[in-house]
Amino acid sequence: MVFSSAVFLCLFLPAVTALYLMLPRGFRNGFLFAASLLFYAWGEPLYLFLMLFSIAFNYGCGLLLDRPSRSEVGRRAVLIAAVAVNIGLLGLFKYTDFALDSLNRLTGSAIPLLKLALPVGISFYTFQALSYTVDVYRRRVKAQRNFLDFGMYVSLFPQLIAGPIVRYTEIESQLKRRSLSPEQMAQGLIRFTAGLCKKVLLANQIGVLWDRISASAQTAPALTAWLGALAFTFQIYFDFSGYSDMAIGLGKLFGFAFPENFRYPYRAVSVTDFWRRWHITLSAWFREYVYIPLGGNRRGRGRQILNLFLVWLLTGLWHGAGVNFILWGLYFFVFLAAEKLFLGRLLQKLPRAVGWFCTMAVVVFSWVIFACDSPALLGSYAAALFGANGLADAQTLYLLRSFGALLVLCAAAASGLPLRLWRAVCARIPKNAGEAAELVASLGALAASFVFLISGTYNPFLYFRF
Amino acid sequence: MKKLRICFIAVYLLLLAGIGVWTLAGKDRSFSENENRMLRTKADVSRSIADGAFQSDLETLLADQFPLRDRAVALQAELRKALGEREIGGAYLGSGSRLLQKITDADVDVAAIAKDARKYACLCADTGIPVTLIPVPSAVCSLPEALPDGAPAYDLDRVYAILQACDDAGVLDLRDALRGDGSLYYRTDHHWTTRGAFAAYRLWCEAHGKTAPDWDSLRPETVTRDFRGSLYSKAPLPGIAPESMELIAVPEHLSVTADGAEIDFYDREALHTKDKYNVFLSGNHGLVVIENPDAAGGTLLLIKDSFANSLVPFLIRDYARIVMVDERYAPVRLRDLAEQEQPDEIAVIKEACNF
């Protein structure tokens, strides 16, 4: 199931919320677990069992690792098995065909691909489950003995499909004790609506510009190509951060406080700063479970750079099974390493605007690498970006006129200025008036999003179709 | 304040649930005039869950049967237009409240056009019957001033060049006759108007050494002023005014057979539906045979798409028998058909981009 769908908005969400409120406290976790399973099974009827296996397996490992034991070897064995199975399953479903395909290309063999469909959310729930198992091993947290509570943690539908990645230690206390107040629920719905608007009103609409430009990338002049890259830059941000907003808002609706995942990333003044603002929970996960265990920056410069390299190789790979994703991760590694070594200090001496501009240029180009899944497409798009087909043509102006206003809206929303202005206004007017305005505006925004959602399914035919 | 928040939460959820209930509880619409397709109804929803068919059917059902669906689409079109977009659903929002179908070079398969051109040329060479190719320029090519600035269209001259390169078949060049005159194309439909077809007919008469009749002598009749055609379906903006449709008088004793069944030349019932262009011969069929006992004589074989439908009322005055074949719907071998019908002439009338 997907948040921006009629089934979720009109059927699932009202029903689940109403039932949740009516149930006594003790039954709520079990209910959320069941509802999350239904949510997942709706889109993936067969892969539900894979997720259930993952839940059961990690639950069992947690119990094993929690026992007081003098056998360090035994505990280590369980940990290794847990990591192997979790990563193994992820690898099997997500990366096997990529590995086989690469092998075929390199050696000329013709091993048939498995063509397994990727189970939705596997990258997310595997990382969540692993965070639990590793932290139980490290004795940072006690094992969760209640299977329903644990199942709810792994499969909780707000963040199951696209994050934020919630580490078990961050949420353990909320499993059993959550407060629920009208204020929290209202704030949750407001946040959810903001995310829905970002996805339906901004991401989907600016995506049209990207689709149009990328379709004719081979002949696009430079300005058009950059316009397209900018469009994708906005699309992916509003899509992803919108989804995180919806997840955090839904979490609040049920009493959870999830960690923030985005902090106006396009305000960053360096690439390091960017990655402290973009997909924060993923960076945090990699830092906690890969970078620091490898030694972080405490084993000398050379080792630090190597650790960075490994982390960014894995980060790129996590995003997708493709060479372009690895390239994308390593692209950032180069800049991050450079900033750690010398570039960071240089940037600090320059005006912030310069740092911002350079960062944005690096980021926008990185999205081109991310979006082009074939080297040929990347090559022709990069050539177009740097003027292979001229600077601009009549169509550039046409596209700019058609999407200019939307681009300005996107830039304003990405800058965070509207929210800051609104907060400033709220500080000057009676508190209740400000909140009341937000509530009314949310209802209006919900209606607008629904209009666009329905319109997205409009599909006229020139000649009659059965 | 707490009461307001509770009220908000309740209204929010009830609004969403209410839409769901309203959509599912109401009577289903089975056909959408605007979209020209069948809508998913409760009866169509699949029962198989394992492959996800039920889930996607339910989603489609909710979207298709949403009571305010058409109004929502119109509202979204207005909002996008307000933001500056000049292209909605594949239709350009041109000047003068005119919609033009977006067709770019990427939509034109020059290889297929070249192949078909050779096919028609061979037809001429093999059968000895004169073949005339009549590529109809699309509105985007004929009315460039109405297009939004910089909006891409397709290269009409390239299509003509490919067709003119065929030695055996003649080409009727409609480019100049149809350029720049807005009355020759519908504002809300991708077809040419009856006047546009008349402009082509005048050239046809010239090519045959005849004098074309006067427009008024053909007794044109405005049959409707409420026409909003295919392009309005793509961009249903409330501000696009309806337009009128004219039909000329056809000879009285015509007999028309479409795929074996007898039909009327003008399907007046279609004027009461949204897709009024279907008034011409009830739309597209595979094989249509029209016989005019009052005409001088001669058989014309017409290979066509829907653009020919509005040209046929003019042509039928000159031929005793017109055989129309739409290759998309009738898998016939043209050579066999030509042998069978023994026409005096063969013409190919299609929109230039789809030739």
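This is a predicted model: local features need pLDDT of at least 70, side-chain atom pairs count only at pLDDT 80 or more; totals for chains, interfaces and linings use all residues.
A:Ser131 itself sits in helix 5 of chain A, which covers residues 122-137. Its relative accessibility is 0%, so A:Ser131 counts as buried. For a sense of distance within the chain, take A:Pro430: from A:Ser131 it is 299 residues away in sequence, and the two C-alpha atoms are 44 Å apart in space.

A:Gln184 belongs to helix 9 of that chain. Is A:Gln184 buried or exposed? The relative accessibility is 18%, and because the cut-off for buried is under 20%, A:Gln184 counts as buried. Setting aside neighbours within four places in sequence, A:Gln184 has contacts with A:Ser179, A:Lys252, A:Gly255 and A:Phe256.

A:Phe256 takes us to the aromatic residues. Over all chains, the structure holds 76 aromatic pairs. In one of them, the ring centres of A:Phe256 and A:Phe258 are 5.8 Å apart and the planes meet at 20 degrees, so this pair is stacked. Both partners are buried: A:Phe256 has 2% relative accessibility, and A:Phe258 has a relative accessible area of 8%. In chain B, B:Phe265 and B:Tyr266 make an edge-to-face pair, with 5.1 Å from centre to centre and 80 degrees between the planes. B:Phe265 is buried at a relative accessible area of 7%, and B:Tyr266 counts as buried at 10% relative accessibility.

Staying with chain B, here is the overall description. Its secondary structure comes to 11 helices and 15 strands. Along the principal axes, the C-alpha atoms of chain B fill a box of roughly 85 × 45 × 40 Å. Chain B has 355 residues, of which 54% count as buried. Among the contacts in chain B with a separation of 6 or more, 68% are between residues 24 or more positions apart.

Now the interface. How many residues of chain A are in contact with chain B? There are 53 on the chain A side, and they meet 63 residues of chain B. The size of an interface is often given as the accessible area lost when the parts come together. For chain A and chain B, the buried area is about 5,200 Å², with 70% of it on carbon and sulfur atoms.

On polar interactions, the rule finds 11 residue pairs in polar contact across this interface, both residues being at pLDDT 80 or more. The rule also finds five salt bridges between the two chains. One of the salt bridges joins B:Asp149 to A:Arg401, where the closest N and O atoms are 3.6 Å apart.

Which elements give two or more residues to the side of chain A that touches chain B? They are helix 1 (6-22), helix 2 (25-43), helix 9 (182-215), helix 17 (394-415) and helix 19 (431-455) of chain A. Helix 19 of chain A supplies the largest share of that side, 12 residues. By residue type, the side of chain A that touches chain B divides into 37 nonpolar, 11 polar and five charged residues.

Conventions:
Residues are numbered from 1 along each chain as its sequence is written. Chains are lettered from A and ligands numbered from 1 in the order in which they are written. Side-chain values use heavy atoms; hydrogens and water are left out. Contact means heavy atoms within 4.5 Å. Buried area is the accessible area (1.4 Å probe) that two parts lose on being put together, summed over both. A salt bridge is a side-chain nitrogen of Lys or Arg within 4 Å of a carboxyl oxygen of Asp or Glu. A polar contact is a pair of N or O atoms within 3.5 Å; within protein, one must be able to donate a hydrogen and the other to accept it, and residues adjacent in sequence count only if both atoms are side-chain atoms. Helices (H or I, at least four residues) and strands (E, at least two) are DSSP runs, numbered from the N terminus. Ala, Val, Leu, Ile, Met, Phe, Trp, Tyr, Cys and Pro count as nonpolar, Asp, Glu, Lys and Arg as charged, and the others, Gly among them, as polar. Buried means under 20% relative accessible area, exposed over 50%, partly exposed in between (1.4 Å probe, protein chains only). Rings of Phe, Tyr and Trp (its six-membered ring) pair if their centres lie within 6.5 Å; planes under 30 degrees apart count as stacked, over 60 as edge-to-face and the rest as tilted.
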